[in-house]
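Let's take a tour of this protein, one kind of contact at a time. Keep the 3D view open while you read.

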Amino acid sequence: HHADIGGKTPGSAPPDSTHIEEEGVIIDNFKMIDRGQFREAEMRALLASGRYPCRNIDENMADLAAQVAANETGVREVEKMVAQFGLDVVHAYMRHVQDNAEECVRRAITALKDGAYAYELDNGDFMHVAVRVDPEARTAEIDFTGTPGNSGNYNAPLAVCHAVVLYVFRTLVGAEIPLNEGCFKPLKIIAPAGSMLHAQYPSAVIAGNTEVSQNACNALMAALGAMAGSQATMNNFVWGNDKIQNYETIGGGAGAGPGFDGASAVQTHMTNTRATDPEVLEHRFPVRLEEFSIRLGSGGRGRRRGGDGLTRRLRFLQQMTVTTLGSHRRVPPYGLAGGAPGDVGRDWIERADGTRIEHRGNDNNEVFPGDQFVMHTPSGGGWGEPDER
């Protein structure tokens, strides 16, 4: 993940993008290394191209060099494995891993029932998902038909939709297996082209891998009756100017389930990122972290309680543009089996003069020295009747 790849706003996450060109430099199958030579001049020219070029090309180039080095490390390790065990053995174990994953998913499917859910988004659209189980064949069909496209940036490439389905069914397995293609063999995914889960060019997609993926995960969990709604957002918090940019995702509450309370103050489901240490953050950027705390009691009530959200309060020491992409600012994360929903998220700016400026879930605003940005992240929904706790 690069801190900035161009686009209308620093950090490349404009809240109002409708065309992919507004989200940064578009790279179509560019050959970065040719016969072992890094094409630095051509790469720099590419990053400086387009309507909204990159703001910090030196940092982009350093990131790319690190990615090349990581890939080279992977190549060497695979070659060592083949040299030690032989190619036939390596191929055989790759097949074993996939066969095992396939069987694990088939076993998990036998415990499922058909289900469907219409998942409301903050903009009033509904994401539709239906699960149809064939217990004899031990297969499942996951059908997102009825899910609309989005005129903004809440669109995801099909690969993101596949990643969501893979993740959800991996959580149902209950065994330690590596993620691999074998998990997909018992599954059929239907995501109509043009919907927000199968975006077509030139759709804006900056919220696809973050917000659409989280909402799709919650919707599928609800259709399966697996757990109550988690915060279902990455609370993308992007800030910067022409010289510096930073991108944070912020945790919140996880949904409760039939045998567990939801975890508080965690990255949920599709996020898989960690917070920067406050000391590192304040050393590298002109900001001060004034508060990072748990919103005690914000989780949905139930026989099993939903996890609590977070409060993050950041003071800025320089003028910057703050951009957010965040869901569940209007619609609360759902409860299940009689459980209460979790609390919605809220965002606002407290100016140095005491003025309070409301900031929407998808929004951008200028902040000035002394201003504080405050984010309340959503909490998880509860499971079961509250009076049974």
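## Salt bridges across the chain

Start with arginine 313 and glutamate 291, whose side chains form a salt bridge with an N to O distance of 3.6 Å. This pair ties together distant parts of the chain: arginine 313 sits in strand β10 (residues 310–316) and glutamate 291 in strand β9 (residues 287–294), 22 residues apart. Arginine 313 is buried, at 17% relative accessible area, while glutamate 291 is partly exposed at 29%. Bear in mind that this is a predicted model.

Now look at aspartate 371 and arginine 351, which meet in a salt bridge at 2.7 Å, N to O. Aspartate 371 counts as buried, with 3% relative accessibility.

The count for the model comes to 28 salt bridges. Arg132, Glu141, Asp143 and Lys188 even join up in a network of them.

## A hairpin

Strands β12 (residues 346–350) and β13 (residues 356–359) pair up antiparallel over 4 bridges. Isoleucine 349 has isoleucine 357 in β13 as its bridge partner. The hairpin has 5 residues between its strands, and glycine 354 takes a positive phi near 95 degrees there.

Helix α3 (residues 87–109) packs against helix α4 (residues 158–173) at about 80 degrees, with the axes 9 Å apart, so the two are roughly perpendicular. Where they meet, Cys104, Val105, Ala108 and Ile109 of α3 touch Phe169, Leu172 and Val173 of α4. That contact has 7 nonpolar residues, no polar and no charged.

Terms used:
Residues are numbered from 1 along each chain as its sequence is written. This is a predicted model: local features need pLDDT of at least 70, side-chain atom pairs count only at pLDDT 80 or more; totals for chains, interfaces and linings use all residues. Side-chain values use heavy atoms; hydrogens and water are left out. Axes are lines fitted to C-alpha atoms, for helices over the stretch in contact, and angles run from 0 to 180 degrees between N-to-C directions. Angles under 35 degrees count as roughly parallel, over 145 as roughly antiparallel, 65 to 115 as roughly perpendicular and the rest as oblique. Contact means heavy atoms within 4.5 Å. Ala, Val, Leu, Ile, Met, Phe, Trp, Tyr, Cys and Pro count as nonpolar, Asp, Glu, Lys and Arg as charged, and the others, Gly among them, as polar. Two strands pair if DSSP finds at least two bridges between them. A salt bridge is a side-chain nitrogen of Lys or Arg within 4 Å of a carboxyl oxygen of Asp or Glu. Buried means under 20% relative accessible area, exposed over 50%, partly exposed in between (1.4 Å probe, protein chains only).
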